Amino acid sequence: FEKAGVAKVRQLKGSFLENWLDNGYQGTMSWMERNTDKRTDPDKYMLGVKSIISLALNYYFEDPPRKPGTAQVSRYAVGRDYHTVIREKLQLLCDFIEELMPGAETKVAVDDAPVMDKIWAAYAGIGWIGKHSNLITRDFGSYVFLAEILLSEELIYDREIPDYCGTCT
């Protein structure tokens, strides 16, 4: 992972998600309406969670040359399924954490889990949420996959960073 930060667990009641759903912005993505209790209260996803380690993996690469008339695939979809790649990396990191902290419990989350990855990444100081609703990092822009490790132990928490978007609309 290129970036890591730690956020103190808190409930996200009245969060961006609830406002977003209330406004109907999910459109036909009805799955966004499921598990809102787990999305807004991490303790309902992992009982006893105290810290969330947020991680970012850069996926930007230069576009390879392609023949005219061939399809272009989004950068994030090139190669192995990123869910599998990230879960493998997360499991190695969890094994390491559990070795360092015997008795610690961990649970992983990639973007298909009911965890607000962008919000936790912002709380952990990895970046800020831009007006396009994606997390932006100073180093990689929005070209990052996000993942979390929920941890039963308290850690030293990182600070949020400022929103560098400015006044554009």
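Ser54 counts as buried because its relative accessibility is 0%, where buried means under 20% relative accessible area, exposed over 50% and partly exposed in between (1.4 Å probe, protein chains only). Welcome to this predicted model, in which local features need pLDDT of at least 70, side-chain atom pairs count only at pLDDT 80 or more, and totals for chains, interfaces and linings use all residues. Residues are numbered from 1 along each chain as its sequence is written, and side-chain values use heavy atoms, with hydrogens and water left out.

- Ser54 sits in strand E2; helices (H or I, at least four residues) and strands (E, at least two) are DSSP runs, numbered from the N terminus.
- Setting aside neighbours within four places in sequence, Ser54 has contacts (heavy atoms within 4.5 Å) that include Lys3, Ala4, Gly5, Asp117, Trp120 and Glu148.
- Trp128 belongs to strand E4 (residues 128-129), and with a relative accessible area of 8% it is buried too.
- Beyond its neighbours within four places in sequence, Trp128 is in contact with residues including Asn134, Leu135, Ile136, Ile161, Pro162 and Cys165.
- Cys165 is 37 residues from Trp128 in sequence, yet their C-alpha atoms are 8.7 Å apart in space.

**Helix H3 and its two sides**

- Helix H3 covers residues 82-100, 19 residues in total, and spans 27 Å from its first C-alpha to its last, close to the 27 Å expected at 1.5 Å a residue; that expected span is 1.5 Å times one less than the number of residues.
- Which residues of H3 are buried? They are Tyr82, His83, Ile86, Leu90, Cys94 and Ile97.
- Seen down the axis of H3, these buried residues fall within an arc of 90 degrees, so they line one face of the helix; the arc is that of the directions from the helix axis to the C-beta atoms.
- An α-helix has 3.6 residues a turn, so residues three or four places apart point the same way.
- Leu92 and Glu99 are exposed residues on the face of H3 turned away from its buried side.
- The cover over the buried residues of H3 includes strands E2 (51-58), E3 (106-109) and E6 (144-151).

**Pockets**

- The largest pocket has a volume of about 840 Å³.
- On a 1 Å grid over the protein atoms alone, a pocket is an open set of points where a 1.4 Å probe fits, with protein on both sides within 12 Å along at least five of seven lines, and lining residues have an atom within 4 Å of a point.
- Grid points are joined across faces, edges and corners, and a volume is the space filled by probe spheres set on the points.
- Of its 27 lining residues, Asp111, Asp117, Lys118, Ser133 and Asn134 are the closest to the centre of the largest pocket.
- Helix H1 (16-22), H3, helix H4 (117-123) and E6 each give two or more residues to the lining of the largest pocket.
- That lining has 18 nonpolar, 4 polar and 5 charged residues, where Ala, Val, Leu, Ile, Met, Phe, Trp, Tyr, Cys and Pro count as nonpolar, Asp, Glu, Lys and Arg as charged, and the others, Gly among them, as polar.
- The second largest pocket holds about 150 Å³ of space, and its lining includes Phe61, Asp63, Arg66 and Val78.

**Positive phi in loops**

- Asn35, in the loop between H1 and helix H2 (36-40), is not a glycine but has a positive phi of about 60 degrees.
- Ser133, in the loop between E4 and strand E5 (135-136), is not a glycine either and has a positive phi of about 75 degrees.
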